[in-house]
Amino acid sequence: MGVSLSLVSVSASTATAWVCAHFVGGTAAWPLASFLMSVVYLVVAGGELALADRAKAAASHGDPAGDSSSGVGS
């Protein structure tokens with residue numbers, strides 16, 4: 001499920017690059033945009049994965065492994 005949400009992190013990092021290019025401009029925008037895009041992507045992707053993990057845990061009614069078996073055969 002986390003991968004299906006990656007549109008948000010890619011869009012956020014692309015928007016960050018656009019904002020950096022628009023407001024900073026010139027040669028300084030290249031390294032700054034690269035750094036900021038990397039940071040924004042990692043932070044937002046991490047948030048997406050945390051959100052997906054929380055949704056998975058809620059869907060399995062508190063079973064963090066997602067396994068609702070009764071333990072037969074363990």
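Just after helix H1, Gly25 takes a positive phi of about 65 degrees. Helices here are DSSP runs of H or I with at least four residues, and strands are runs of E with at least two, numbered from the N terminus.

This is a predicted model, in which local features need pLDDT of at least 70, side-chain atom pairs count only at pLDDT 80 or more, and totals for chains, interfaces and linings use all residues. Residues are numbered from 1 along each chain as its sequence is written, and side-chain values use heavy atoms, with hydrogens and water left out.

**The chain.** There are two helices and zero strands. The chain has 74 residues, and 16% of them count as buried. Buried means under 20% relative accessible area, exposed means over 50%, and partly exposed lies in between (1.4 Å probe, protein chains only). The chain exposes about 5400 Å², and carbon and sulfur atoms supply 70% of that area. Accessible areas come from the Shrake-Rupley method with a 1.4 Å probe; for residues, only the protein chains shown count as cover.

H1 has 18 residues. Its span from first C-alpha to last is 26 Å, close to the 26 Å expected at 1.5 Å a residue. The expected span is 1.5 Å times one less than the number of residues. In H1, Ser9, Ser13, Thr16, Ala17 and Cys20 are buried. Seen down the axis of H1, the buried residues fall within an arc of 95 degrees, so they line one face of the helix. The arc is that of the directions from the helix axis to the C-beta atoms. Helix H2 (29-59) is part of what covers these buried residues; contact means heavy atoms within 4.5 Å. The face turned away from the buried side carries the exposed residues Leu7, Trp18, His22 and Phe23.

| Residue | State | Relative accessible area |
|---|---|---|
| Thr14 | partly exposed | 47% |
| Phe23 | exposed | 62% |

Thr14 and Leu36 are 22 residues apart in sequence, and their C-alpha atoms are 10.0 Å apart in space.

**The nonpolar patch.** Which residues form the nonpolar patch on the surface? They are Trp18, Val19, Phe23, Val24, Leu32, Phe35, Leu36, Val39 and Val43, with about 860 Å² of accessible area together. Patches are made of residues with over 30% relative accessible area and no salt bridge; like charges are joined within 9 Å, and nonpolar side chains (Val, Leu, Ile, Met, Phe, Trp, Tyr) within 5 Å. A salt bridge is a side-chain nitrogen of Lys or Arg within 4 Å of a carboxyl oxygen of Asp or Glu. H1 and H2 each supply at least two residues of the patch. H2 gives the most, with five residues.
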